[in-house]
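Here's a quick briefing to read alongside the model. Have the sequence and the 3D view open as you go.

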Amino acid sequence: MLSAQEDSGRTGSDGSESGRPESDRPVPRRPHTARGFGDRVFRFQLTATGVVVLGIMAAVGLFLLLRAAQALRATGPSFLTTAQWQPDVHHFGIAAVLTGTVLIAAVAVTISVPLAVGTALFISDVAPRSLRRTLVTLVDLMAAVPSVVYGLWGLFFLQQHVIGLSRWLSDWFGWIPLFTVDGTQPGEPLASESVYTASAFVAGIVVALMVAPIQCSVMREVFAQAPAGEREGAYALGATRWGMIRAVVLPYAKGGMIGGTMLGLGRALGETIAVYLIISPVFVIQPHILQTGSNSVSSLIALHYGDASAFGMSALMAAGLALFLLTLAVNFTASSIAARSRSGAQSEA
């Protein structure tokens, strides 16, 4: 056995072997996992799929940009500030339709998010197991209903039943510019009902019912992945079911809820047929959601696509490019927010 002096002479103060040259000292090996042929093929497929998706998105954006170049060169920055749509005389812009698009989507998300969250929580944490599969199937079937069916339902059934709610909101909250209806007075019983029809509010309710199943599906999956250990720990500490949901499920699923909300928002921004059937198109900036008359970028394209001239088609492509960029911005924002949340993390219990 070596003495303490011999041992200290062979080993330096930093723990290295001082008796051996630097070049002969062993180098720690980095851990390496050998990948088989199947792993390499799978990795290649995933990479190729991601590249193809990004390539398709870039191709769509490039196509819209090239087709919209003529109109954008003619109008310049006023394309974002002009409300009128007269491309044949080079006087057009998306200020009015973009405002209507945002308002309709905002109404839709305001209504759909509480509906989707409540439905998802009921399915994942409240409903009996024997009933969950049926409820999931019903929610998924709602997402499969064609948008034209929602539009016809909203036009011929929902609209006449929403007029009373629109009148009540205008009477009690008309002092808020968003709920103001021009030409009416609070509490006026003989006010014409036509001022409340074909509004952004009616269109927003219909779009909310269209996007709620998509949001509910995303949120339901995230709620179901909340750690079982933390759920049981909350119950063990005396929490009620609502207390467990509030302390465990909702904080854990924050990112999924944001992601589902933004996914529905992106869907609401691009909805075409249902909005086209309900609204009465106007080309003025209309900030009053209860008042008749609104517009959206997608319905503008559907309205003028058939009779547009060559330059008018370029103007429509420019409007589509603006909607494409807006949707991308919403989705990237949702991805960045969801990536910072704890959703999908492993249980710490």
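**Rings, fold and pocket**

Searching the whole structure turns up six aromatic pairs, where rings of Phe, Tyr and Trp (its six-membered ring) pair if their centres lie within 6.5 Å, with planes under 30 degrees apart counted as stacked, over 60 as edge-to-face and the rest as tilted. Keep in mind that this is a predicted model, where local features need pLDDT of at least 70 and side-chain atom pairs count only at pLDDT 80 or more, while totals for chains, interfaces and linings use all residues. Residues are numbered from 1 along each chain as its sequence is written, and side-chain values use heavy atoms, leaving out hydrogens and water.

**Aromatic cluster**

- Tryptophan 85 and phenylalanine 92 sit edge-to-face, at 5.5 Å centre to centre with 70° between the planes.
- Phenylalanine 92 also pairs with phenylalanine 311: the centres are 5.8 Å apart and the planes are at 80°, so this one is edge-to-face too.
- Ring pairs join Phe79, Trp85, Phe92 and Phe311 into a cluster.
- Phenylalanine 92 has 1% relative accessibility, so it counts as buried (under 20% relative accessible area, with exposed over 50% and partly exposed in between, using a 1.4 Å probe and protein chains only).
- Phenylalanine 311 comes in at 11% relative accessibility and is buried as well.

**Overall fold**

- The protein has twelve helices and two strands, taken as DSSP runs numbered from the N terminus (helices H or I, at least four residues; strands E, at least two).
- From the N terminus, the elements go α-α-β-β-α-α-α-α-α-α-α-α-α-α.
- Of the 349 residues, 38% are buried.
- Among contacts (heavy atoms within 4.5 Å) between residues at least 6 apart in sequence, 72% join residues at least 24 apart.

**Largest pocket**

- The largest pocket has a volume of about 230 Å³; a pocket here is an open set of points on a 1 Å grid where a 1.4 Å probe fits, with protein on both sides within 12 Å along at least five of seven lines, and lining residues have an atom within 4 Å of a point. The volume is the space filled by probe spheres set on the points.
- Its lining includes Asp125, Arg129, Arg132, Arg220, Glu221 and Arg231.
- Helices α3 (95–126), α4 (129–144), α6 (200–224) and α7 (228–236) each give two or more residues to that lining.
- By type, the lining residues split into five nonpolar, one polar and six charged, with Asp, Glu, Lys and Arg as charged, Ala, Val, Leu, Ile, Met, Phe, Trp, Tyr, Cys and Pro as nonpolar, and the others, Gly among them, as polar.
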